[in-house]
Amino acid sequence: MGLLHIPFPSRLFLTTVNVRRLLLTLILSSLLVACSPRLVNIPFDPGGRSLNSPFADVQPRVSGRYILFVSDRGDSPNIYLYDTIASVLVDLPGLNAIDMVVSSPAMSENGRFIVFCGSRDGQSAIYLYDRDTRQLRNLTENLKATVRNPTITADGSKIAFESSADGQWDILLYNRFGEPIEGITRAPERSSVSQLPELPQP
Amino acid sequence: MYAEGLAGLATLVQIARAWNRRLAQVGWRVLRAGVCLGLLLLLSACTQDLPPTGSDELNSRYSDEQPALSGDGRFLAFVSNRDGHRSIFLYDLEQRHTVDLPHLNQQGAIAESPSLSYGGRYIVYLAGDTVRPEIKLYDRAIQQSQVLTAGYRAWFRRPSVSPDGRYIVFETGTRGQWDIEVMDRGSGIEPDLPDNRR
């Protein structure tokens, strides 16, 4: 009703303002869409040669060109490394073992060091895999505790993980050679310290 | 003249008395504060034998879980119950104390699975005050969180951010099983890399 009393030119003005507003909203919303995070389309492969497979693919980590994850596509859960630039799975010889259940992998920034939780006969340990030397090292051999959820720095020098040594979950910080970092992490129990072999002095 | 002098003396006496009273009051206050302080000191001395409960230790007598190191190794994010509800904490391994994260943990909302960028500027985590949790990104430079999964109708788990802060990978349940999804925040973001590589 109110609109009918407005003289013709102002009604025209009102509509142009509306059109302008509409355009502005459209431009702004398209800009917002462009800025908002978007999902990356990585091809799915039923044969298990890509990131996602017909089986559960879990616990992913991303750094640079690599995505590290655990997948049930084999006979048991195994750790896989996907190269997003070459679109292939990278070989990790000597990492996955038939008698070990692996979980929670993490990697250094360039993907050289891979740290993960491995469980053998119900005994859990934190392992470090070096892709350059293809060597696997148990970092928590002297720790009498259940361990899980490791994390590693970009240069691969420090590793933190959860330990149940004190009857609850605590966070321990170790170096790449399986030694607790002093001041932050208490040394393991005296009995296990005495079991450590003497390191040769340089 | 004499009367005036007497009146002046009276006011002087009055002023002196008022000062005296005020001084006495101040004295009492000082004494009370001293006693309180003493008691507090005594109390803190008595409680020193207990394991640390404060937030300024890496480990507390509560469970501390889900550690995430920053790329440079300076910060460690984790989940703990030490403040009465499950929240995300950030520990500075160099300065040896926890770092405040204003507006990250919200009352009545879960905050889990933290992940850090290279210098610890971005914290990507799982959060939710509703039934379905969302993936959020907390920027320590502006002390604000942003929902990354707004508009996506799916279940999410275990988000993890790349060192530069641009990519986020997470588990999603859209296809009836857990799959991996990769999110790109775009080239327009400020990367969290060491100065020589920016």
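S1(A) and S11(B) pair in the antiparallel sense over three bridges. Strands here are DSSP runs of E, at least two residues long, numbered from the N terminus; two of them pair if DSSP finds at least two bridges between them. Within this pairing, Val40(A) has Val182(B) in S11(B) as its bridge partner.

This is a predicted model, in which local features need pLDDT of at least 70, side-chain atom pairs count only at pLDDT 80 or more, and totals for chains, interfaces and linings use all residues. Residues are numbered from 1 along each chain as its sequence is written, while chains are lettered from A and ligands numbered from 1 in the order in which they are written.

The pairing belongs to an open sheet of four strands. Its order is S1(A)-S11(B)-S10(B)-S9(B), with antiparallel pairing. S1 (38-40) of chain A and S9 (156-161) of chain B are the edge strands; each has a single partner strand, so one side of each lacks a neighbour in the sheet. Neighbouring strands are turned by 35° against each other on average, direction ignored; the axes are lines fitted to C-alpha atoms.

Inside chain B, S10 (residues 167-172) and S11 (residues 179-184) pair in the antiparallel sense over six bridges. Phe170(B) has Glu181(B) in S11(B) as its bridge partner.

Now the wider interface. In total, 34 residues of chain A are in contact with 36 residues of chain B, contact meaning C-beta atoms, placed from the backbone, within 7 Å. S2(A) gives the largest share of the chain A side, seven residues. That side divides into 19 nonpolar, eight polar and seven charged residues, with Asp, Glu, Lys and Arg counted as charged, Ala, Val, Leu, Ile, Met, Phe, Trp, Tyr, Cys and Pro as nonpolar, and the others, Gly among them, as polar.

Key: Axes are lines fitted to C-alpha atoms, for helices over the stretch in contact, and angles run from 0 to 180 degrees between N-to-C directions. Two residues are in contact if their C-beta atoms, placed from the backbone, lie within 7 Å.
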